[in-house]
Amino acid sequence: PAGVRRFMNVLGAANTLDIFMSARKFDAKEALRLGFVSKVVPVAELEKATAEYTKMVAENAPLTVAAAKFAVQQWMKDEKDRDLDRAMKMVEACFASEDHKEGRKAFMEKRKPVFKGE
């Protein structure tokens, strides 16, 4: 099933088997170690950490964020279901975009880029 495949893609076969066969509970520290989550913060800091992360993502080039998200989603699918041509076109559009030019210019000028999704 697709759910098991997704677990295996993230956690590997041994960890997936361990979790499904034992049905054991694990804490946030172990979830981080396994790669089940990418970051763990104290509950009291969750709102702040979420806001900071979403701000960081929002400041990146929208076309690049969308292309990266789509490409990763495609590689998570079975090979027969992947749309790698679309993923490649999205990446090519990033390199041809005004945002790409802005990113290079901002880098050379040592300033933060201002992306417009164009």
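Student: Is Val40 buried, partly exposed or exposed, and what is the relative accessible area of Val40?
Tutor: Val40 is partly exposed, with a relative accessible area of 38%. Please keep in mind that this is a predicted model.

Student: Where does Val40 sit?
Tutor: Val40 lies in the loop between helix H3 (28-34) and helix H4 (46-58).

Student: Which residues form a nonpolar patch with Val40 on the surface?
Tutor: The patch consists of Val10, Leu32, Phe36, Val37 and Val40. Together, these residues have about 370 Å² of accessible area.

Student: Changing topic to helices: at what angle do H1 and H2 pack?
Tutor: Helix H1 (residues 2-11) and helix H2 (residues 13-22) pack at about 125°, and their axes are 7 Å apart. That angle makes H1 oblique to H2.

Student: Is that crossing left-handed or right-handed?
Tutor: H1 passes H2 in a right-handed crossing.

Student: And what about H5 and H6, at what angle do their axes cross?
Tutor: The axes of helix H5 (residues 62-76) and helix H6 (residues 84-95) cross at roughly 160° and come within 9 Å. H5 is therefore roughly antiparallel to H6, since angles over 145 degrees count as roughly antiparallel. As for handedness, H5 passes H6 in a left-handed crossing.

Student: Now charges. How many salt bridges does the whole structure have?
Tutor: A search of the whole structure finds 11 salt bridges. In general, side chains of opposite charge can pair when their charged atoms come close.

Student: Which residues are linked with Arg24 in a network of salt bridges?
Tutor: The network links Asp18, Arg24, Glu30 and Arg33. Within it, the side chains of Arg24 and Asp18 meet at 2.6 Å, N to O. Arg24 also forms a salt bridge with Glu30, where the closest N and O atoms are 2.8 Å apart.

Student: Is Glu30 buried or exposed?
Tutor: Glu30 is buried, because its relative accessible area is 19% and buried means under 20%. Arg24 is partly exposed at 29%, and Asp18 is partly exposed, also with a value of 29%.

Student: What does Arg111 form a salt bridge with?
Tutor: Arg111 forms a salt bridge with Glu102, and the closest N and O atoms are 2.7 Å apart.

Student: And of that pair, is Glu102 buried or exposed?
Tutor: Glu102 is buried, with a relative accessible area of 17%.

Methods:
Residues numbered from 1 in each chain as written. Predicted model: local features only at pLDDT ≥ 70, side-chain atom pairs only at ≥ 80, totals over all residues. Heavy atoms only, no water. Patch = residues over 30% accessible without salt bridge, like charges linked within 9 Å, V, L, I, M, F, W, Y side chains within 5 Å. Areas by Shrake-Rupley, 256 points an atom, 1.4 Å probe, with all protein chains shown as cover. Salt bridge = Lys/Arg side-chain N within 4 Å of Asp/Glu carboxyl O. Helix = DSSP H or I, 4+ residues; strand = E, 2+ residues; numbered from the N terminus. Buried < 20%, exposed > 50% of the residue type's maximum accessible area, 1.4 Å probe, protein only. Axes fitted to C-alpha atoms, helices over the stretch in contact; angles between N-to-C directions. Parallel < 35°, antiparallel > 145°, perpendicular 65-115°, else oblique. Left-handed = near helix turned anticlockwise from the far one by under 90°.
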